[in-house]
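Colleague: I am new to reading protein models, and I would like to learn how to look at one step by step. Could you take me through the one shown here?

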Amino acid sequence: RAYTAVHMASLASPMHEANAAFVDEDYERALRCYDAAVQGAADAQEKAEAYAFRAAAHLKLGNYTAAADDARQASELCPSAKAYRRRGVACFSLGSWTEAKEAFSAALRMVQTQEPSVSGAGLTERELRRWVRKCDAEMSGFSGKASASLDATATPVLSNPAVAPSASGPSQTAPQPQPVLDPAKIRHEWYQTQTHVVVSILARNVPKEAVTIDFDEAAARAVLAVEGKPRYELSLRLYSKITPAESKFSVSTPKVELTLKKQTSGKWDALEGDGTGGVAQFNTLTETPARSVYSGSQRNWEAIDSELKKQEETEKPEGEEALNKLFRDIYSRADENTRRAMNKSFQTSGGTVLSTNWQEVAQKDYEKERTAPDGQEWKQWG
């Protein structure tokens, strides 16, 4: 395949390096490269793509708050089903079922109304409907059977005007949301990069003037005090030292976030300690959680998935989705040689051949036999 000068330059770009690290499951390095891609983006579309991919890396590392933030910024800059889905997964993992459903519904609307290249290649209505049903199950209280109803035309309640159409009729002033400051319901989580530790206090609608933050070399303290509400305090004795002058905090609708600057770059083994902990290099491999477990949920999702699959069996896919389902079914039931045949024939033929006969595929060179479109030619690089 022939590459232009622009294509060749893109191969050395931070985005390309980040994607390569992601494929290699080196998610920490991918994050650092996506950081550079965000900073060096030439326009809003490039920045949105970098945010969306960085959200995927955060999801792999279990940094759900950061993933939700990145996916939100991606969807605000350049709405896509891919960004909304990642926002939904992050919110679901944080236990924010309503926000998760709104994000999945937005992704579903885009998949239904736009071309796959615009909305997010690889996403299907069925997958997104399943996520919406999972949110319904969490919000309604799962009692052995998930809700099967889903209004595909319902408008998600999202602030992004590119997806949520304007409401008709005269505008009304919404009531001011009240802060949620019940200490029993507030929790905090954290994640880290090479240079910073980020602590998120998941308290909603807290006014900035009600927040007091103190940083010390080996400690951090947050106090949320709203008149007429219970006082919330979080005091942390940190694992290693930070630089107070370069640490900061921010207040947004869903949370209060502390960003702590590490004195020494590297990985902390824990958030809390005696301030003398050493740092190490980030591991490149991370454990993948079981499919049936989601952070923030105590439900048995194997049982819920089983119920959802039964419901989906009554839905007959159509068009391209039906063809994709056929290929997925063949692949899932195939033996190892059949899968090798399908993978090799499809990849080496440039997507023009899909064979299940390994004896034939093993002897065949599809790269030599494939033909390029009129006026172009295949070239081997590297």
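This is a predicted model: local features need pLDDT of at least 70, side-chain atom pairs count only at pLDDT 80 or more; totals for chains, interfaces and linings use all residues.

Colleague: What does the secondary structure of the chain come to, and what percentage of its residues is buried?

Modeller: The chain has 14 helices and seven strands, and of its 382 residues, 38% are buried. Among the contacts with a separation of 6 or more, 57% are between residues 24 or more positions apart.

Colleague: Why look for nonpolar side chains that are buried together?

Modeller: In soluble globular proteins, nonpolar side chains tend to be buried together. Here the largest nonpolar core has 24 residues, and those touching the most other members are Val199, Ile201, Leu224, Leu238, Leu258 and Leu260. At least two residues of this core come from each of β2 (196-201), β3 (211-216), β4 (219-224), β5 (232-237) and β7 (256-261). Apart from this core lies another, of 23 residues, including Ala81, Trp97, Ala107 and Val111.

Colleague: Which residues does Leu258 touch, if we leave out those up to four places away in sequence?

Modeller: Leu258 touches Val197, Val198, Val199 and Ile201, and also Ile213, Phe215, Ala220, Lys248 and Phe249.

Colleague: How many bridges join β1 to β2, and which residue stands opposite Val199?

Modeller: Strand β1, residues 188-192, runs antiparallel to β2 and is joined to it by five bridges, while a hairpin connects the two strands through three residues. Opposite Val199 in β2 stands Trp190, and Val199 is also one of the core residues that touch the most other members.

Conventions: Residues are numbered from 1 along each chain as its sequence is written. Side-chain values use heavy atoms; hydrogens and water are left out. A nonpolar core is a set of buried Ala, Val, Leu, Ile, Met, Phe, Trp, Tyr and Cys residues joined through side-chain atoms within 4.5 Å. Buried means under 20% relative accessible area, exposed over 50%, partly exposed in between (1.4 Å probe, protein chains only). Helices (H or I, at least four residues) and strands (E, at least two) are DSSP runs, numbered from the N terminus. Contact means heavy atoms within 4.5 Å. Two strands pair if DSSP finds at least two bridges between them.
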